[in-house]
Each structure stands twice: as structure tokens, then as C-alpha cells.
Amino acid sequence: MEDLKKSLKMPLFGNTFSPKKIPPRKSASLSSLHTLDRSTREIELGLEYGPPTMNIGGQSWKFEEGQWITESGGNMSGREVLRLRKRNVQLEEENNLLKLKIEVLLDMLTEATVEFHLMEKEVEDIKTQHQRKK
């Protein structure tokens, strides 16, 4: 019986797991352009690097120092855009302050209303007690 068990084992599958070795990775780029400095690349390839630009709705924008600034073709200059941004921030701060003041006033109104109702109830209680005594 044991001979039958040994003969039924599948010879294709071994008892040990041994994965194949992975070949080393090839270089990501076979080009040596990344090793050249900027001026050499511009001379060799004729590339002129500059800030990114785009055209939206007939207005040209250029990305400089972390901000998009109008370049030409628009009605507003970059200074005007910056001035409007500062004004926008100022108005948002003022709006937040006014919202806070409204909340405080509503709290005060609620408190005054509650006090009024309590006083009104006390007056009614005193009236009913006075009428019982008579």
C-alpha cells in the first residue's frame, strides 16, 4: 500500500518552494540628456525653458513665484489682481467678524427673552398667590 502512495505522488510539484531569481532592473532611461547642464541642452536641442504659460478665454497667464499672473491680452494687470486678492482677504475677515457679532447679538436676545418670560411667570405666580389670600 505504501508503494502505491509513493507512486501516486506528483513528480511535477516538489515539497519545497524555490522561486526563480529576478533579473536586475534595467536603467529607467538610456538617454544621457539628464546628465547635461541646462545651457548644453538648450544648445544641443534648441529648447528654451521658461515658466509655464497658458491661454484661457483670450487671456494669457504665466506661472511665476508660485502664482499665476496675467501676461497680456487681459484687462487687468498682475498688480491689479494682487490688489483685488488682498481686498478679498480683507472683506472675508470683515465678513467673519460681522457673523460673529450677529451670533453674539442673537445669544443676548435669547437670554433677554428667557429672562423676560421668567419674570412674567413670577409676576403671574405672585398675582395668583395674592388672589388666594383674599
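Is Glu 80 buried, partly exposed or exposed? Glu 80 is partly exposed, with a relative accessible area of 29%. For that scale, buried means under 20% relative accessible area, exposed means over 50%, and partly exposed is in between, using a 1.4 Å probe and protein chains only.

Hello everyone, and a quick word on the model before we go on. This is a predicted model, where local features need pLDDT of at least 70 and side-chain atom pairs count only at pLDDT 80 or more, while totals for chains, interfaces and linings use all residues. Residues are numbered from 1 along each chain as its sequence is written, and side-chain values use heavy atoms, with hydrogens and water left out.

Let's take the overall layout. The protein chain has three helices and three strands, and from the N terminus on they run α-α-β-β-β-α. Helices (H or I, at least four residues) and strands (E, at least two) are DSSP runs, numbered from the N terminus. Of the 134 residues in the protein chain, buried ones make up 4%.

Back to Glu 80, then. Its place is in helix α3, which covers residues 78–133. Glu 80 forms a salt bridge with Arg 83, with 2.8 Å between the closest N and O atoms. By salt bridge I mean a side-chain nitrogen of Lys or Arg within 4 Å of a carboxyl oxygen of Asp or Glu. Both partners lie in helix α3, three residues apart, about one turn of the helix. Arg 83 is partly exposed too, at a relative accessible area of 45%. Looking back along the chain, Glu 80 and Thr 70 are ten residues apart in sequence, and their C-alpha atoms are 9.8 Å apart in space.

How many salt bridges does the structure hold? There are two. The other pair to look at is Lys 62 and Glu 64, whose side chains meet at 3.0 Å, N to O. Lys 62 is found in strand β2 and is partly exposed at 23%, and Glu 64 is partly exposed at 32%. Lys 62 also has a C-alpha to C-alpha distance of 6.5 Å to Pro 51, eleven residues apart in sequence.

Now please find Glu 65, in the loop between β2 (59–64) and β3 (67–72). Glu 65 has a positive phi of about 50°, although it is not a glycine. Why point that out? Most residues other than glycine have a negative phi. Glu 65 is exposed, with a relative accessible area of 85%.

Let's return to helix α3 and its surface. UniProt lists residues 81–108 as "coiled-coil region", in an unreviewed entry. UniProt positions are given here in the numbering of this model, feature names are shortened, and annotations may be inferred rather than shown by experiment. In the model, that span is 100% helix and 0% strand, and its end C-alpha atoms lie 41 Å apart.

Which residues make the nonpolar surface patch? They are Leu 97, Leu 100, Val 104, Leu 105 and Met 108, and the patch is about 480 Å². Patches are made of residues with over 30% relative accessible area and no salt bridge, joining like charges within 9 Å and nonpolar side chains (Val, Leu, Ile, Met, Phe, Trp, Tyr) within 5 Å. The accessible areas come from the Shrake-Rupley method with a 1.4 Å probe, and for residues only the protein chains shown count as cover. Met 108 is found in helix α3 and is exposed at 52%.

Finally, the charges. Glu 103, Asp 107, Glu 111 and Glu 115 form a negative surface patch. In this scheme Lys and Arg count as positive and Asp and Glu as negative, with His and the chain ends not counted. The place of a charge is taken as NZ of Lys, CZ of Arg, CG of Asp or CD of Glu. Glu 115 is found in helix α3 and is partly exposed, with a relative accessible area of 40%.
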